Amino acid sequence: SHISINVLNCRELITENNMIRKKNAVLKVNEMICKDVHVENVTCNYLYGENVTIGDNCNIKVLEYSDSLTNNGKSKIGKVNKVDF
């Protein structure tokens, strides 16, 4: 089961297993731009955040962050860039 979104802009985003009600559900987002973000079970082509925490079961092609990055889980992350704004 999947939830698909093309572009997601937000101030804060938290995705966790209990937020996605169906077992093994994945949030699919083409582009995610957030100030503070903590994701689990997310597939994303491009993710930008100031403070980013990556949990389990994520597949992110390009990740850019400006302040902090924490990778707590078992996830695939392609290219990672620390950017200055």
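**A close look at one loop**

Author: A polar contact of 3.4 Å links the side chain of Glu40 to that of His38. Keep in mind that this is a predicted model. Start with where Glu40 sits. The residue belongs to the loop between β2 (26-39) and β3 (42-54). Is Glu40 buried or exposed? Its relative accessibility is 17%, so Glu40 counts as buried. The cut-off for buried is under 20%.

Asn41 lies in that loop too, between β2 and β3. Its relative accessibility is 10%, so Asn41 also counts as buried. Look at its backbone as well. Phi of Asn41 is near 55 degrees, which is a positive value in a residue other than glycine.

Now take another loop. Asn57 is placed in the loop between β3 and β4. Phi of Asn57 is near 60 degrees, again a positive value in a residue that is not glycine. What about its cover? Asn57 has a relative accessible area of 49%, so it is partly exposed.

Next, see how the strands line up. β3 pairs with strand β4 (residues 59-71) in the parallel sense, over 10 bridges. Within this pairing, Thr43 stands opposite Asn59 in β4. β4 also pairs with β5 in the parallel sense, over 6 bridges. There, Ile60 has Ile77 in β5 as its bridge partner.

Let us return to His38 by way of a residue in β4. Leu69 is placed in strand β4. Leu69 and His38 are 31 residues apart in sequence, yet 10.0 Å apart in space, C-alpha to C-alpha. Which residues does Leu69 touch, leaving aside its neighbours within four places in sequence? They are Val52, Ile54, Leu63 and Val80. Leu69 counts as partly exposed because its relative accessibility is 31%.

The cysteines come next. How many disulfides does the model have? The count comes to 0. Take Cys58 as a case. Cys58 has 4% relative accessibility, so it counts as buried. Cys34 counts as buried as well, because its relative accessibility is 3%.

Step back to the whole chain. The protein chain has 0 helices and 5 strands. From the N terminus on, its elements run β-β-β-β-β. Of its 85 residues, 35% count as buried. The accessible surface comes to about 5,300 Å², and 45% of it belongs to carbon and sulfur atoms. Consider contacts between residues at least 6 apart in sequence. Of these, 18% join residues at least 24 apart.

The mean pLDDT of the protein chain is 82, and 74% of its residues reach 70 or more. Where is confidence lowest, and where is it highest? Strand β1 (residues 2-14) has the lowest, at a mean of 66. Strand β5 (residues 76-82) has the highest, at 97. Read one stretch with care. Over residues 17-22, pLDDT stays under 50. For that stretch, the model has 8 contacts beyond four places in sequence.

Methods. Residues are numbered from 1 along each chain as its sequence is written. This is a predicted model: local features need pLDDT of at least 70, side-chain atom pairs count only at pLDDT 80 or more; totals for chains, interfaces and linings use all residues. Side-chain values use heavy atoms; hydrogens and water are left out. A disulfide is a pair of cysteine sulfur atoms within 2.5 Å. Buried means under 20% relative accessible area, exposed over 50%, partly exposed in between (1.4 Å probe, protein chains only). pLDDT is the predictor's confidence in each residue, from 0 to 100. Helices (H or I, at least four residues) and strands (E, at least two) are DSSP runs, numbered from the N terminus. Contact means heavy atoms within 4.5 Å. A polar contact is a pair of N or O atoms within 3.5 Å; within protein, one must be able to donate a hydrogen and the other to accept it, and residues adjacent in sequence count only if both atoms are side-chain atoms. Two strands pair if DSSP finds at least two bridges between them. Accessible areas come from the Shrake-Rupley method with a 1.4 Å probe; for residues, only the protein chains shown count as cover.
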